[in-house]
Amino acid sequence: MRHADGGLTFETFGPIQWRGWAGPTRRARQAISFALVGTILTLSGATTHAHARLILPNETSVTEPTGAVRAIAGWTEFCTRAPRECTVDTAEPPAIPLTVAVWRTLTSVNRRVNARIRPLTDQAHWGVVDRWDFPDDGFGDCEDYQLLKRRMLVERGLPRRTLLMTVVIDETNEGHAVLTVRTDRGDFVLDNKTDAIRPWRRTGYSFIKRAGQDGPAWVSLEGKDGAAQVATAEP
């Protein structure tokens with residue numbers, strides 16, 4: 001995905017292919033994983049009276065996949081360089097309990113990365129049209145911001161399976177990357193354009209596709225598809 005001087009190509013959507021649970025063992029592993037995440041995050045959310053004063057957002061809806069689709073080329077190349085970042089563990093829960101502690105973590109990471117990274121085109125940064133990577137030198141475009149947020153959230157104990165790279169069409173009709181967090185209160189979006197974490201329906205974006213939760217294939221979402229779009233990293 002690129003800055004305002006570049007484009008993004010979307011692949012043709014294919015039929016959806018969901019993987020079911022292989023058996024009782026996998027279901028049991030997922031249940032245990034979900035229970036552990038819920039217990040740990042709930043306990044951490046009750047550690048101080050200050051946490052209790054923070055009001056969680058109201059419940060929102062979830063983004064519903066409409067079919068399977070190939071991943072963005074930049075994501076595929078990123079996964080070749082960092083396969084551990086792209087491995088899907090179906091034993092992890094598909095959504096996390098949205099506790100006060102989790103909301104504080106999401107807000108803190110979103111703000112820290114937005115303040116720390118400066119927008120820069122892939123061409124100027126890497127010398128290529130499109131590259132997805134960690135902005136460890138302090139510069140990057142929209143997907144680089146979200147990759148760093150994703151890594152930091154995993155380091156803080158959130159399941160990688162619930163943190164999904166997502167492609168949208170923004171308010172200027174250009175391609176843009178955000179990070180979708182799937183919770184028991186619905187899907188919320190972390191964005192380099194704002195420090196506010198918003199329910200996906202309140203972003204003003206058209207959602208195109210996002211990383212899948214059951215394997216390497218991405219899934220298509222509501223919105224426009226099939227056309228080259230422009231992405232911007234500008235705040």
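Lys 209 counts as buried because its relative accessibility is 0%, where buried means under 20% relative accessible area, exposed means over 50%, and partly exposed lies in between, computed with a 1.4 Å probe on protein chains only. This lysine belongs to strand β8, residues 206–211, and helices (H or I, at least four residues) and strands (E, at least two) are here DSSP runs numbered from the N terminus. The side chain of Lys 209 reaches the backbone oxygen of Arg 70 at 3.3 Å, which is a polar contact in the sense of a pair of N or O atoms within 3.5 Å; within protein, one atom must be able to donate a hydrogen and the other to accept it, and residues adjacent in sequence count only if both atoms are side-chain atoms.

The model is predicted, and local features need pLDDT of at least 70, side-chain atom pairs count only at pLDDT 80 or more, while totals for chains, interfaces and linings use all residues. Residues are numbered from 1 along each chain as its sequence is written, and side-chain values use heavy atoms, with hydrogens and water left out.

## The chain and its sheet

The protein chain has six helices and nine strands, and 53% of its 235 residues count as buried. Strand β8 takes its place in an open sheet of seven strands, whose order is β1-β9-β8-β4-β5-β6-β7 with antiparallel pairing; two strands pair if DSSP finds at least two bridges between them. The edges are formed by β1 (67–69) and β7, each of which pairs on one side only. On average, neighbouring strands of this sheet are turned by 35 degrees against each other, direction ignored.

Helix α6, residues 142–155, lies across β4, β5 and β6 and runs at about 20 degrees to β5. For such angles, axes are lines fitted to C-alpha atoms, for helices over the stretch in contact, and angles run from 0 to 180 degrees between N-to-C directions.

## Three asparagines

Asn 192 is found in the loop between β6 (186–191) and β7 (194–199), two strands that pair in the antiparallel sense over three bridges. With 4% relative accessibility, Asn 192 counts as buried, and its side chain makes a polar contact with the side chain of Gln 146 at 3.1 Å.

Asn 114, in helix α4 (residues 100–116), is also buried, with a relative accessible area of 10%. Leaving aside residues up to four places away in sequence, Asn 114 touches Tyr 145, Lys 149, Asp 191, Asn 192, Thr 194 and Asp 195, where contact means heavy atoms within 4.5 Å. A polar atom of the side chain of Asn 114 lies 3.1 Å from the backbone oxygen of Thr 194, and Thr 194, in β7, stands opposite Asp 191.

Asn 173, by contrast, counts as partly exposed, at 40% relative accessibility. This residue lies in the loop between β4 (163–169) and β5 (175–183), and has a positive phi of about 65 degrees although it is not a glycine.

## The largest pocket

About 250 Å³ of space lies in the largest pocket. Of the 21 residues that line this pocket, the closest to its centre are Trp 75, Cys 86, Val 88, Gly 212 and Gly 215. Helix α3 (73–81) and strand β4 each supply at least two residues of the lining.

A pocket is found on a 1 Å grid over the protein atoms alone, as an open set of points where a 1.4 Å probe fits, with protein on both sides within 12 Å along at least five of seven lines, and lining residues have an atom within 4 Å of a point. Grid points are joined across faces, edges and corners, and the volume is the space filled by probe spheres set on the points.
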